[in-house]
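Good morning, I will keep this short.

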Amino acid sequence: QGNLTWDGKPLQCQLITCPALSPMENGTITPMNCTSAVQLYNSSCRYSCIRGYNLTRSISEVTCQEAGNWSYSTEFFECRDSEPPVFPLCSDDIEVNTHFGLSVVTDVQWLSDNTVKAVEDNSGERPVVKLNPPDADKLTKTWELGKHVIAYTATDEAGNIGKCSFNIIVEDNERPQVLFCPGKQQRLVGRNGAKKVEWKEPEFIDNSGLTINITTSHKSGTRFTRGKHVVKYEATDDYGNKATCNFTVKIVPYNCKAYDPPQNGALICKASQRTGTTLCQVECNGGYVIPKKKHANTYICGKNNKWAALPKNKGSAPWPNCGRKEKSTRTRTGELIVTANNCPTGKALEALLASFKKVLIDEGVCSKRKEKCKLSDADIDCGPVPEKKRAARFAIKFKFEIISVSGEGETTDDNTDV
């Protein structure tokens, strides 16, 4: 100024500083004094998070500027949970077989409760666990053939999702079932001939319900030469399980005229090289019989090149067809007279009739017969005896009718020879 003095107060240089930073949850700020003391100009502080947490900002360092503030707003620095929950007891794949005869299985079990309880999260809080399918851990759950994915998810408060997954593999180790397999086949041919043989195809079924692949060594209708041949059928399902049906075809030589096997039955023959004869026996299917009164069931091809029945009085070749069994029924009536000095009446007469029925069935006609026998009707009557014939005053007359059914019947119809 004019008086040679400075106006105002003398100037002073002040130290530039920035305020101490607030501590950060689940993280650290270095150097350590960044949170305990003011920081000088141009000094830097670095943010970092503990394991399982990440900074919410892409910037991890701030610097104290000339204006005494930090280069970035520090209120937005935060460590957020980035680690999903873990399943330390997640199950391995489970392999099970279907129930016998079915394409499904139930009662598949694993330690589901332990799987859920053992879930861990770095936050220390309990995550929310879900199972898909929701009913997978129910014992009543039905599992079809194939692979099924079981998935657990655990979600923590930060939205991180942990997963546990494994497979339930339902396998089919059951071979197909044989519903029908032909029995042995036997045909007669001339000494140098061959025979076309047909049979009902075998039947198979598989628990999977899927189509079965069937292969065979011979098809029905194949011509076979003399000798014994093995026919093999093999059924394979989609899982490689196999079932077989094997039977023999025997072509027997003979010199007699050839006749086809009986209908509803089979012809079992055996040739004797020693005697030069062939013996054939007729065997009927279940529910069928040979009319034994007219025909034999055994025939022999002798050296005269002619068939003969055994026994000889039971017809001749060709052999008969087998017919259905028929039970024979026969009805017989009878009468029994007993004399008495008086006639019973009312309940006494009824009791006498009941006793007669019991004796007739248990100790009388029916008890001595092989066939089934039953009393179809019975009646009792009592009246005076004429004086000239009287040895007693009254006669008690029993009338009865018995029906008997034979156990072995003839065929229902006449058999037409082939």
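Let me start with a pair of residues: Cys 301 has Trp 307, in β26, as its bridge partner. The strands here are DSSP runs of E with at least two residues, and helices are runs of H or I with at least four, numbered from the N terminus. Strand β25, residues 298-301, runs antiparallel to β26 and is joined to β26 by four bridges; pairing requires at least two DSSP bridges between two strands. Strand β26, residues 307-310, has Trp 307 and Ala 309 on a covered face, while Ala 308 and Leu 310 lie on an uncovered one.

A word on the source: this is a predicted model, with local features needing pLDDT of at least 70 and side-chain atom pairs counted only at pLDDT 80 or more, while totals for chains, interfaces and linings use all residues. Residues are numbered from 1 along each chain as its sequence is written, and side-chain values use heavy atoms, with hydrogens and water left out.

Next, a sheet. Three strands form an open sheet in the order β2-β4-β6, paired antiparallel. Its edge strands, each pairing on one side only, are β2 (27-30) and β6 (61-63). Four bridges link β2 to β4, residues 44-49, in the antiparallel sense, and Thr 28 stands opposite Ser 48 in β4.

Finally, the whole chain. How many helices and strands are there in the chain? There are two helices and 31 strands. Of the 418 residues, 32% count as buried, meaning under 20% relative accessible area with a 1.4 Å probe, protein chains only.

Methods: Buried means under 20% relative accessible area, exposed over 50%, partly exposed in between (1.4 Å probe, protein chains only).
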